[in-house]
Amino acid sequence: MKVGLLDSTLREGEQSPNVSFTIDQKIKIVNALDKFGIEYIEIGHPAVSPNIKKSISIISKLETKAEKVIHSRALKSDIDDALLFDTKWIGIFFGTSDISLKYKFGIKHKAALNRIKYAINYAKDNNLKIRFTAEDATRTKLSFLIEVAQIAEQAGADRFSIADTVGVLTPDKTSALVKEITNAISIPVHIHCHNDLGMATANSIIALKSGAKVADVSINGLGERSGIASLAEVAMILKLHFNVVNTWDLSALIRLSDELALISGIPNRLNQPIVGKYAFTHKAGLHTRAVIKNPNSYEGYEPEIINQNREILIDEFTGKEAIADRLNKLKIDYSHLELNKITNDIKKGNNSKPLTDIELLNFV
Ligand code: COA
Ligand code: ZN
């Protein structure tokens with residue numbers, strides 16, 4: 001299948017606490033994402049500040065294969081801002097749940113539909129391609145959400161995006177909802193999943209499998225609160241399990257992730273799936289013995305696909321095969337008896353931390 005990913009590191013990602021990118025960093029991120037082969041890049045919301053507006057003006061001029069999308073409230077002034085730049089796509093959002101209507105806007109359903117219609121009409125009249133997002137869609141009554149989606153399509157939206165703004169979906173609910181919406185409209189459906197329950201990646205994948213055409217992601221899953229679906233996770237799952245034809249450069253994922261961790265100040269967990277330092281680190285003797293013979297024994301996919309390192313640790317959990325493997329690499333000769341003795345000494349020696357080569361040589 002062919003799907004699209006929309007990276008929102010510059011928009012949603014910059015909404016992470018304590019995260020703010022310089023213009024140079026933003027340019028680097030956009031170029032790296034473009035090289036990776038991402039289909040869409042959300043480049044920011046001009047109304048936020050003069051600084052953000054300036055960065056959008058610079059980034060909108062970068063030549064990329066990816067489509068750039070400008071974020072906008074359903075407001076004439078925000079759409080006018082987007083028109084200042086040479087970008088084709090605008091992402092207009094409006095909260096559609098009862099809680100949004102009551103507390104964000106203080107309006108009733110009919111008035112909300114009118115505001116949505118007006119904003120989409122206005123953007124359409126100004127020749128923009130429009131992705132309309134129903135913010136908090138997943139807490140919106142289904143019948144009203146369908147009405148919103150149909151009004152958005154009639155008004156000229158090119159895409160309809162379902163935002164799980166507070167991350168309440170589960171995969172089964174996501175699948176049912178995406179099917180309802182794709183049956184109700186003919187424009188392609190997008191999905192934006194927050195990770196408040198750790199479900200963002202799973203929900204994004206099942207949404208694509210259930211008929212959505214584009215999923216929002218960010219590098220390292222950065223975003224408001226617990227963030228959104230992670231680019232590396234979504235891209236890898238799609239490549240490994242769903243036979244997507246997209247030509248993404250998966251070997252770029254680790255670098256993208258490491259660089260973003262550095263400039264955002266939000267490090268990855270060591271055991272983070274795919275991009276974490278320990279993603280291919282093997283420790284227990286029974287595992288390492290098998291991995292040395294065939295890495296596939298304890299790896300679901302090859303680290304080479306993403307430029308990850310495989311590591312075999314030696315500590316008190318080790319077995320003699322791991323030690324033999326390390327000694328062979330260090331070109332140290334040993335007899336069978338010596339190998340057994342070194343292994344036993346390491347186990348007796350209170351070695352709860354991984355041994356360096358030098359520490360291992362001390363045992364030898
Ligand atoms: N469509 C239309 N209007 C919207 C809206 C939407 N999706 N979401 C909020 N609004 C309106 C509210 O109705 C309110 O309008 P009012 O001032 O006429 O009552 C106003 O936006 C509320 O914004 P608030 O933040 O209180 O006002 P502000 O004018 O000081 O700041 C921003 C507005 C957008 C500049 C500021 O909130 C900001 O910088 N936000 C960061 C971006 C952001 O919030 N993104 C969320 C993305 S999901
Ligand atoms: Zn979001």
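**Figure 1. Polar contacts of ligand 1 in the predicted model.** A nitrogen atom of ligand 1 lies 2.7 Å from a backbone N or O atom of Phe93, a polar contact being a pair of N or O atoms within 3.5 Å. A polar backbone atom of Ala74 is 2.9 Å from a nitrogen atom of the ligand, and an N or O atom in the side chain of Arg73 is 2.9 Å from an oxygen atom of ligand 1. The protein covers 51% of the 960 Å² of accessible area that ligand 1 has on its own (Shrake-Rupley method, 1.4 Å probe).

This is a predicted model, in which local features need pLDDT of at least 70 and side-chain atom pairs count only at pLDDT 80 or more, while totals for chains, interfaces and linings use all residues. Residues are numbered from 1 along each chain as its sequence is written, chains are lettered from A and ligands numbered from 1 in the order in which they are written, and side-chain values use heavy atoms, without hydrogens and water.

**Figure 2. The shell around ligand 1.** Among the 14 residues around ligand 1, those that come nearest are Ala47, Arg73, Ala74, Phe93 and Phe105 (a heavy atom within 4 Å). The shell comprises 7 nonpolar, 2 polar and 5 charged residues. At least two residues each come from strand S3 (67–73), strand S4 (89–95) and helix H4 (98–105).

**Figure 3. The zinc ion (ligand 2).** Glu12 (OE), His192 (NE2) and His194 (NE2) are the protein donors, lying 2.0 to 2.1 Å from the zinc ion (donors are N, O and S atoms within 2.8 Å of the metal, or 3.2 Å for Na, K and Ca). Their spacing along the chain is E-x179-H-x1-H. Glu12, in the loop between strand S1 (4–7) and helix H1 (23–36), and His194, in the loop between strand S7 (189–193) and helix H8 (200–209), are 182 residues apart. Both Glu12 and His194 are buried (under 20% relative accessible area, 1.4 Å probe, protein chains only).

How values were computed. Helices (H or I, at least four residues) and strands (E, at least two) are DSSP runs, numbered from the N terminus. Buried means under 20% relative accessible area, exposed over 50%, partly exposed in between (1.4 Å probe, protein chains only). A polar contact is a pair of N or O atoms within 3.5 Å; within protein, one must be able to donate a hydrogen and the other to accept it, and residues adjacent in sequence count only if both atoms are side-chain atoms. Ala, Val, Leu, Ile, Met, Phe, Trp, Tyr, Cys and Pro count as nonpolar, Asp, Glu, Lys and Arg as charged, and the others, Gly among them, as polar.
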